[in-house]
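Colleague: I'd like to learn how to read a structure like this one. Can we go through it together, one feature at a time?

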Amino acid sequence: MKMADKVLICKDCGAEFTFTEGEQAFYKEKGFENEPQRCLECRKAKKQMRNNRPPRSNNAGNRW
């Protein structure tokens, strides 16, 4: 069954972006159940912010 491209709305910036047939097939192959929530630019920005955070220590806050 052939899938059609879908137009989605980015939850961060509100822009429309296309979730292509190829991306949908990739998500299905990987077992992802949810469609992307962010456009490519916002996904890149979020990933960049995650990569710039200092590593968390396993015992942060535990003073027992």
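Colleague: Let's start with C42. Is C42 buried or exposed?

Modeller: Go by the relative accessible area: under 20% we call a residue buried. C42 comes out at 15%, so C42 is buried. Keep in mind that this is a predicted model.

Colleague: Where is C42 found?

Modeller: You'll see C42 in helix 2.

Colleague: And which residues is C42 in contact with, leaving aside its neighbours within four places in sequence?

Modeller: Those are C10, D12 and C13. Take C13 as an example of sequence versus space: C42 and C13 are 29 residues apart along the chain, yet their C-alpha atoms sit 7.4 Å apart.

Colleague: Is R38 buried or exposed?

Modeller: Use the cut-off from before. R38 has a relative accessible area of 17%, so R38 counts as buried. Once you skip the neighbours within four places in sequence, the contacts of R38 are C10, K11, D12, F17, R43 and K46.

Colleague: Now the rings. What describes a pair of aromatic rings?

Modeller: Two things: how far apart the centres are, and the angle between the planes.

Colleague: How many aromatic pairs does the count come to?

Modeller: Four aromatic pairs. One of them is F19 with Y27, where the centres are 5.1 Å apart and the planes make an angle of 75°, an edge-to-face pair. Another is Y27 with F32, also edge-to-face, with 5.2 Å from centre to centre and 80° between the planes.

Colleague: Why does 80° make Y27 and F32 edge-to-face?

Modeller: Because planes over 60 degrees apart count as edge-to-face.

Colleague: Which residues form the aromatic cluster?

Modeller: F19, F26, Y27 and F32 form one cluster.

Colleague: What about the accessible area of F19, Y27 and F32?

Modeller: F19 has a relative accessible area of 5%, so F19 is buried. Y27 is buried too, at 17%. F32 has 46%, so F32 is partly exposed.

Technical notes: Residues numbered from 1 in each chain as written. Predicted model: local features only at pLDDT ≥ 70, side-chain atom pairs only at ≥ 80, totals over all residues. Heavy atoms only, no water. Buried < 20%, exposed > 50% of the residue type's maximum accessible area, 1.4 Å probe, protein only. Contact = heavy atoms within 4.5 Å. Phe/Tyr/Trp six-rings, centres within 6.5 Å; stacked < 30°, edge-to-face > 60°. Helix = DSSP H or I, 4+ residues; strand = E, 2+ residues; numbered from the N terminus.
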